[in-house]
Amino acid sequence: MNHPSLSHAGKSTEGWPIWSILIVDDEEGMRNFLVKTLVPRCRTVMSAGSAEEGAELLRAQHVDLIILDISLPGRSGVAWLKDLREQGFSGEVILITAFADLDTAIEALRAGASDFILKPFRVPQILNAVKHCYDRASLARENFVLRRSLSARLPAGDGLVGRSHLMRQLRQSLQRVAGVSSTVLLQGESGTGKELAARALHDMSSRASGPFVPLNCAAVSPELIERELFGHATGVIQGVPKAQDGLFYYAQGGTLFLDEIGELPLPLQATLLRTLEDHKIRPVGSQQLLHVDVRIIAASNKSLAAEVSAGRFRKDLYYRLQVVELTLPPLREHKEDLPELVQHFVNQLAPLLGVAPLSVTANEMDYLRQYDWPGNVRELRNLLERSLILGALNVSALYAQSGASDCASSATLPHGATDLLTLEKQHILSVLDSVHGDKTRAAQLLGVSRRTLERRCAEWAIG
């Protein structure tokens with residue numbers, strides 16, 4: 001009786017997938033031929049002589065591709081493939097056989113085969129089939145990432161804007177960090193552009209050709225976030241019959257951006273730390289470990305050091321994340337960039353909204369400079385979006401609660417309290433009032449999560 005062969009570690013050559021491959025064929029000569037062909041090109045190659053032995057290996061080891069003979073002792077390759085697909089196996093499968101007709105080929109494709117090759121075949125044939133499977137899997141991941149980016153409504157090419165000393169320093173720091181693979185922690189207030197900095201860092205790195213996958217940890221419930229990150233096995237979720245890949249899988253070869261990482265539940269922080277150390281993930285409900293090649297960029301609008309002191313964030317994870325720590329400056333510290341930012345957002349938003357661009361007068365720009373921007377660049381963008389829709393710069397909205405009329409035609413700034421916290425409260429209340437108390441819509445206009453808005457309202461005892 002044949003026994004499953006343990007993994008053969010290979011080194012992937014340039015242009016080849018870093019993949020785990022399982023060969024299932026009852027002919028020892030064919031197994032040895034395929035192992036010898038693929039070991040120098042792929043990370044792990046395993047072999048088994050039957051479907052039952054292959055299933056035993058699959059229970060213990062993640063596999064990206066199965067090269068499967070149709071005629072096997074016991075359960076046939078096609079029958080096992082049908083079972084694998086029903087159980088949620090989403091990897092690629094190449095079926096091989098020495099005896100095939102059109103009906104067999106159709107049955108194989110219906111069972112979920114990615115490709116179908118007749119024996120005997122030459123080395124270039126099997127290598128091309130493997131490369132095609134890899135390209136198809138990569139395209140599926142890219143489509144997922146593209147759909148996710150479009151749903152987040154993040155405009156392409158929206159880079160860092162500004163030529164102030166602080167912005168030049170930030171760009172220089174990002175360029176230095178881009179050349180290494182270390183984890184990066186971005187700190188800064190809400191709306192300072194942490195995701196834009198993360199995207200710029202990804203685009204300048206050697207991973208630029210790979211996917212950039214963002215996740216706002218505060219926007220996903222604690223019950224779902226582990227499955228969102230790591231995926232889950234078949235049967236974990238009631239009513240969902242198939243397994244699902246997580247964001248680590250879709251970020252393979254690229255960057256995973258974890259925004260508001262301070263909101264990550266403590267038990268999951270330990271899981272993330274283990275992943276950063278071992279470069280392996282275990283989908284929820286699975287016994288398999290999956291190797292991941294992903295760079296982590298994390299961000300927080302809270303001081304993670306303070307969160308560690310308060311016992312809400314693991315000290316070991318904090319130290320692991322802050323290998324490189326960069327702080328993004330609030331807008332009030334580089335107001336000299338306001339003219340360039342205003343022009344950038346007007347040029348970007350006007351075509352998207354289908355409206356005419358705005359011209360900002362010197363007087364209006366003075367009012368923008370005198371405001372402290374508690375919502376930072378995001379608040380400025382939202383103000384300009386609303387102003388473009390209305391057809392005039394709505395500077396008065398920034399001071400709506402202080403009794404000012406239209407600032408664009410006023411000679412002086414509104415009197416009254418102008419400290420940062422008071423202005424923030426005034427602005428949030430103004431936006432809430434403009435949408436008749438709809439907190440979901442207000443949070444969208446403010447560029448914050450509803451959870452953040454609820455917390456602010458609770459602090460001010462507002463229902």
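Me: Is Glu 27 buried, partly exposed or exposed?

Reply: Buried means under 20% relative accessible area, exposed over 50%, and partly exposed in between (1.4 Å probe, protein chains only). Glu 27 has 42% relative accessibility, so this residue counts as partly exposed. As to the source, this is a predicted model, in which local features need pLDDT of at least 70, side-chain atom pairs count only at pLDDT 80 or more, and totals for chains, interfaces and linings use all residues. Residues are numbered from 1 along each chain as its sequence is written, and side-chain values use heavy atoms, with hydrogens and water left out.

Me: Which side chain meets Glu 27 in a salt bridge, together with which residues in a network?

Reply: A salt bridge is a side-chain nitrogen of Lys or Arg within 4 Å of a carboxyl oxygen of Asp or Glu. Here the partner is Lys 119, at 3.6 Å from N to O. This pair joins distant parts of the chain, 92 residues apart: Lys 119 lies in the loop between β6 (115–118) and α5 (123–151), and Glu 27 in the loop between β2 (20–24) and α1 (28–38). Helices (H or I, at least four residues) and strands (E, at least two) are DSSP runs, numbered from the N terminus. Lys 119 is buried, at 13% relative accessible area. A network of salt bridges links Asp 25, Glu 27, Asp 69 and Lys 119.

Me: How many salt bridges does the rule give?

Reply: The count is 18 salt bridges. Among them are two made by Glu 263: one with Lys 302 (2.9 Å, N to O) and one with Arg 451 (3.2 Å, N to O). Arg 451 sits in helix α18 (residues 450–459), 188 residues from Glu 263 in the loop between β9 and α10. Arg 451 is partly exposed, at 36% relative accessibility, and Lys 302 is also partly exposed, at 24%.

Me: At what angle do the axes of α13 and α14 cross?

Reply: Axes are lines fitted to C-alpha atoms, for helices over the stretch in contact, and angles run from 0 to 180 degrees between N-to-C directions. The axes of α13 (residues 338–353) and α14 (residues 362–370) come within 10 Å and cross at roughly 110°. The two helices are therefore roughly perpendicular (65 to 115 degrees).

Me: Which residues of α13 and α14 meet?

Reply: Contact means heavy atoms within 4.5 Å. Leu 338, Pro 339 and Val 342 of α13 meet Met 365, Leu 368 and Arg 369 of α14.

Note on methods: Angles under 35 degrees count as roughly parallel, over 145 as roughly antiparallel, 65 to 115 as roughly perpendicular and the rest as oblique.
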